[in-house]
Amino acid sequence: NSPTQLRSLLLEQGRSQFRAQIVEYYQQHGSLDGLYQALRAQDPRPPGEPGTAQNGFRPPPNPPLRLFGLVDAEGRVILPVSPEISLGNILPPERYRDGDPVEIDGRLIAIILTRPDPPEFSLAEQSFLQNTSRALLLGAAGGMLLALLLGVLLARSLTRPLNALAQAADRISSGQLEQQVTVSSSDELGRLAQSFNHMSQEVARANRLRRQMTSDIAHDLRTPLTIISGYIESIRDGVLEPTPQRLGVIASEIDHLLQLVSDLRTLAQTDAGELALSRQPCLPADLLERTAASYQDQAGRKGIHLLVNAPLDLPPVSVDITRMTQVLGNLAANALRFTPSGGEIRLTARLQGEAVLLAVQDTGQGIAPEDLPNIFSRLYRGDKSRSGGEGESGLGLAIARALVEAHGGKIRAESQLGEGTTISITLPQA
């Protein structure tokens with residue numbers, strides 16, 4: 001029980017303190033003579049004399065005097081262990097054989113004996129212990145109740161957002177892609193909710209783009225197929241003669257279909273990481289000059305100035321020349337399509353940190369701000385006048401981005417309505 005445990009604890013602490021007193025006294029005086037008088041001088045009250053503290057607890061007299069006895073190495077009594085034993089008596093060995101020896105430098109100087117009948121706690125002391133035990137029990141019960149309450153609240157605060165996430169995920173799996181959950185904190189659960197909301201928005205956006213792409217592909221396929229089918233049926237029924245001009249229209253639409261299929265295949269290869277690139281070092285000026293040479297005649301017929309500004313001392317880039325020429329060709333073709341007569345197109349190159357920056361800049365009609373973030377999306381239809389004409393598949397910018405990223409580069413667009421557009425490509429040096 002508690003009094004017994006406390007008594008054992010006090011006894012052990014008192015024995016340790018008594019041992020330290022014995023060692024200190026011996027080191028100061030060279031012997032233990034006069035130890036009893038020294039201890040009595042520290043606590044002049046006789047054993048059992050009451051002394052009440054402010055809280056009602058009566059501290060015991062000097063612990064060595066009421067709890068322990070002491071004999072020297074020959075059994076001579078230094079502190080009596082019981083009333084019938086006097087100072088200086090010689091005890092038989094069996095009386096102190098089980099005592100606690102005190103040694104200095106390996107030499108036995110005394111043996112501590114524990115009184116056989118240590119004094120009991122007084123009523124006030126027992127009441128103090130009971131009150132203390134009761135307070136500890138009440139505190140422990142209150143702490144457990146508080147911990148349980150906090151645990152329930154914490155569990156609810158954790159499960160509520162997790163249940164909301166689970167329900168939103170179930171709705172996504174049933175086809176309702178754009179789901180949002182409430183972000184009620186800034187901790188890990190809050191960041192998880194934010195990530196989920198962002199993911200849901202991106203999934204819904206990707207699904208919209210996929211549907212739009214499917215619709216656009218169907219439209220781009222339907223138009224040339226309708227033209228081809230109409231001509232062939234008319235020729236088969238004898239309504240039209242198979243003239244070279246009409247066969248040329250059919251061949252042109254077939255080329256359009258083949259180009260669309262080729263573009264889709266290129267995108268599929270880049271998505272799967274299966275696009276083979278034959279890289280080799282190439283000067284940026286050579287890439288731009290090659291592109292300018294391909295479109296110089298077309299620019300001249302439209303009255304557009306096509307200029308190249310690329311220093312010859314720029315470091316080379318490691319690219320698949322055919323693929324990168326395809327990228328720059330797509331950008332130059334777009335610039336020519338939307339730049340009016342008398343306008344200007346510049347193909348430039350410069351060093352940007354550890355990379356090389358290639359740019360195609362035109363003075364055309366520009367791109368609306370709401371369309372600019374989406375121009376590299378596949379078959380994106382913003383301004384209808386900017387897509388689908390002249391046999392174009394609508395995949396040119398999407399392919400340009402895919403090929404640039406396959407080279408480890410980045411592509412971005414800047415534009416102002418009525419002022420023109422700049423498409424920049426950043427490529428690492430060779």
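In which helix is leucine 150 found? Leucine 150 belongs to helix 5, which spans residues 123-173. Helices are DSSP runs of H or I with at least four residues, and strands are runs of E with at least two, both numbered from the N terminus.

## Basis of the model

This is a predicted model, in which local features need pLDDT of at least 70, side-chain atom pairs count only at pLDDT 80 or more, and totals for chains, interfaces and linings use all residues. Residues are numbered from 1 along each chain as its sequence is written, and side-chain values use heavy atoms, with hydrogens and water left out.

## A nonpolar patch

Leu146, Leu149, Leu150 and Leu153 make a nonpolar surface patch of about 390 Å². A patch takes residues with over 30% relative accessible area and no salt bridge; nonpolar side chains (Val, Leu, Ile, Met, Phe, Trp, Tyr) are joined within 5 Å, and like charges within 9 Å. The areas come from the Shrake-Rupley method with a 1.4 Å probe, and for residues only the protein chains shown count as cover.

Leucine 150 has a relative accessible area of 49%, so it is partly exposed. Buried means under 20%, exposed over 50%, and partly exposed in between.

## Salt bridges

The whole structure holds nine salt bridges. A salt bridge is a side-chain nitrogen of Lys or Arg within 4 Å of a carboxyl oxygen of Asp or Glu.

One of them joins glutamate 12 to arginine 15, with 3.1 Å between the closest N and O atoms. About one helical turn separates glutamate 12 and arginine 15, because they are three residues apart in helix 1 (residues 2-29). Glutamate 12 is partly exposed at 47%, whereas arginine 15 is buried at 16%.

Aspartate 33 and arginine 76 also form a salt bridge, at 3.6 Å from N to O. Aspartate 33 is in the loop between helix 1 and helix 2 (35-42), and arginine 76 is in the loop between strand 1 (68-72) and strand 2 (77-79), so this pair ties together parts 43 residues apart in sequence. Arginine 76 has another salt bridge, with aspartate 72, at 3.1 Å between the closest N and O atoms. Arginine 76 is partly exposed at 32%, and aspartate 72 is buried at 9%.

## Two helices side by side

The axes of helix 8 (residues 284-302) and helix 9 (residues 321-337) come within 9 Å and cross at roughly 25°. Helix 8 and helix 9 are therefore roughly parallel to each other.

Conventions: Buried < 20%, exposed > 50% of the residue type's maximum accessible area, 1.4 Å probe, protein only. Axes fitted to C-alpha atoms, helices over the stretch in contact; angles between N-to-C directions. Parallel < 35°, antiparallel > 145°, perpendicular 65-115°, else oblique.
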